[in-house]
Amino acid sequence: FYRQQFRNQFSNDMIKKLDLKNQTLEALVQRKILLIEAKKQNIRVSDEEVISHIKKLPSFQSNKKFSEPAYRNYIKIQRLTPGEFEESQREVLLLEKLEKLFRTHSKATKSEILKEFSNQEDKVKLEYVRFTSDHFTSETKITDQTLKDFFQANKTQFEIPPQIRAKYVKIKSKDYESQIEPRDEDIQDYYQTRIADFQVKKKYKASHILINLKPSEIEGDLSEEEKRKQADKKAKLKSNKLLERLNKGADFGEIAKKHSDDPASGINGGSLGEFPKGTMVSAFEKALDNLKPGEISKPILSRFGYHIIKLENVEEKRLKPLDEVRDEVIQSLKEIKSRQRVRRIIKRINMAAQQDGNLDKAADSHQLKTKETAFFSKKNHNLPEIGDQPEFFKAAFTLDKNKLGAIITPEVSYILKVIEEKPKYIPELRKVQEKVKDALIESNNKTATLKKFEELKESLKGNKDLEKIVKRYGLSIRNTPFFSKSESIPGIGNIEQIKENSFTMKIGEFGSAQVRERFYLYKLVDIEKSGAPDPKQTKQITDKIKTEKTRQAFQEWIGNLKAGAEILVDKTLL
């Protein structure tokens, strides 16, 4: 899924950052546990329910009706039989039924609603001082003896980890693309099975003039609802007057430049350029579908305000014919087939090298050469010839010496074996002296900063003038705007410890916090109370609480099922 979404941007680094492998594992474990539980609870899904569900899936719709060819093409692409796909959808419906059991039992009490509204709407404002853990410089002098003592006490900090050296064969699938010429029947088959990829959405080219609703500009002691009504009336009146001018021959572009509240398009005469169906809000696109090129709409209301729309051109949705996408299809087939060829080569080299232990000879039989790396460790493996390939380094550190391993990725694959190992060791002080000195300076500065932080806290007990106290330390005061408990603290971040404390303090009281590598001193300067929620807000909060309670109960239940289950995981897959 991610590879299709990000295409060339998808990388091993992205897999690592998003933790996709662990997420996938967790999803598989949870799915299996729930399916077992559904069976225990005798929850069933009938064939009629499965058929009805499949017929409603958007992927299989054509002109708002179920399309048998679209369904057949999809399961062919996915390399599934109809039976396999239908069983997978039966599982989806089973899991939905299981989750609904929790949805129906969730409720929100009045006190919970008021508490959540207070979390969202009660606001506070802070004065604060922030500095890093090494902000203050230590005056402690570093001698040979202190350096030696620090090194002796922190030897493991400077330990050189285990290192290995590997021999490998590197194979790029791209190198084989030029050798592949897809057959006409392969091209035709690929086109038919991926036909959904060649659908082009309906496209519009249009301009608009936007008139925002501006309740804040309505003067007088009126309710928010009344101000909105008057703002709507005012915006609609202005839109109709502009439409009259356009109907009398005024230039659309000039009117947009002078009057549109959309700054991005207004400066370009209202032009929105070309965009596919589904880009704009539904009211806007409904108006477009009722216009012919060159026509101008009546004012259309959306959540952004009133739009006067001019349709300039429209391209109906279409299917790109094979002739138009032939080169694209050929390139996709070359990529697929070259990856398949690489897998076969990897398998053959691996088998040959396993038999006689000679990786060089096995590689040479396929016109490939072996290379050898320098020593590298798990933490430090900056090898330009390998680059960012975490699978390579993971595999290298799971292999026994002189044993073969294979790593296959879409872009580049490897066969490797570890040929030399170095155990971990503590280096002599003279070899890491500069590194030890830097670490000692950093440690001394952190000690000095912690001492100053404690002094500041002590000073604030007797003197409530934060600015006067911190000035002596060369620090400056910052101010937050009002913020609620559900928001991140502007300038500070989403630090729960500070947020929780801020909403229990009285005006003028101080608080302090040490979070990771930062110190904070803060003072509550103002409070803004929320009042009570209106009916609309009450409903929104009720729905939110019920949804969250359902999620928590469901996850807690799954957690209990997992705790009582026997789950075996092959960690090498991760």
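A search of the whole structure, which is a predicted model, finds 1 cavity of 30 Å³ or more. The space in this largest cavity comes to about 40 Å³. Rolling a probe the size of a water molecule over the atoms shows where empty space is left.

The residues that line the largest cavity are I171, S173, R339, V342, R343, I408, T409, P410, E411, V412 and S413. By class, 5 of the lining residues are nonpolar, 3 are polar and 3 are charged. Helix 14 (322-356) and strand 13 each supply at least two residues of this lining. The largest share, 3 residues, comes from helix 14.

**Strand 4 and its partners**

Strand 13 also takes part in strand pairing: 10 bridges join this strand (residues 412-422) to strand 4, and the two run antiparallel. Within this pair, I164 stands opposite E421 of strand 13. Strand 4 also pairs with strand 11 (residues 370-372), again in the antiparallel sense, over 3 bridges. There, K167 has E372 of strand 11 as its bridge partner. The table sets out the two pairings.

| Partner of strand 4 | Residues of partner | Bridges | Sense |
|---|---|---|---|
| Strand 13 | 412-422 | 10 bridges | antiparallel |
| Strand 11 | 370-372 | 3 bridges | antiparallel |

**Nonpolar cores**

The largest nonpolar core has 19 residues, and among these L34 and W557 touch the most other members. Five elements are listed here as giving two or more residues to this core: helix 3 (20-40), helix 4 (47-56), helix 5 (68-77), helix 6 (82-103) and helix 20 (535-563). Helix 6 gives the largest share, 6 residues.

Which residues does W557 touch, not counting those up to four places away in sequence? They are L34, E37, Q41, L98 and F102. Another core, of 16 residues, lies apart from the largest one, and its members include L383, F393, L399 and Y414.

**A residue in helix 17**

N445 has its place in helix 17 (residues 433-462). Is N445 buried or exposed? Its relative accessible area is 12%; buried means under 20%, so N445 counts as buried. Leaving aside neighbours within four places in sequence, N445 is in contact with S133, D134, F136, T137 and S138.

How values were computed. Residues are numbered from 1 along each chain as its sequence is written. This is a predicted model: local features need pLDDT of at least 70, side-chain atom pairs count only at pLDDT 80 or more; totals for chains, interfaces and linings use all residues. Side-chain values use heavy atoms; hydrogens and water are left out. Two strands pair if DSSP finds at least two bridges between them. Helices (H or I, at least four residues) and strands (E, at least two) are DSSP runs, numbered from the N terminus. A nonpolar core is a set of buried Ala, Val, Leu, Ile, Met, Phe, Trp, Tyr and Cys residues joined through side-chain atoms within 4.5 Å. Buried means under 20% relative accessible area, exposed over 50%, partly exposed in between (1.4 Å probe, protein chains only). Contact means heavy atoms within 4.5 Å. On a 1 Å grid over the protein atoms alone, a cavity is a set of points where a 1.4 Å probe fits but cannot get out, and a pocket is an open set with protein on both sides within 12 Å along at least five of seven lines; lining residues have an atom within 4 Å of a point. Grid points are joined across faces, edges and corners, and a volume is the space filled by probe spheres set on the points. Ala, Val, Leu, Ile, Met, Phe, Trp, Tyr, Cys and Pro count as nonpolar, Asp, Glu, Lys and Arg as charged, and the others, Gly among them, as polar.
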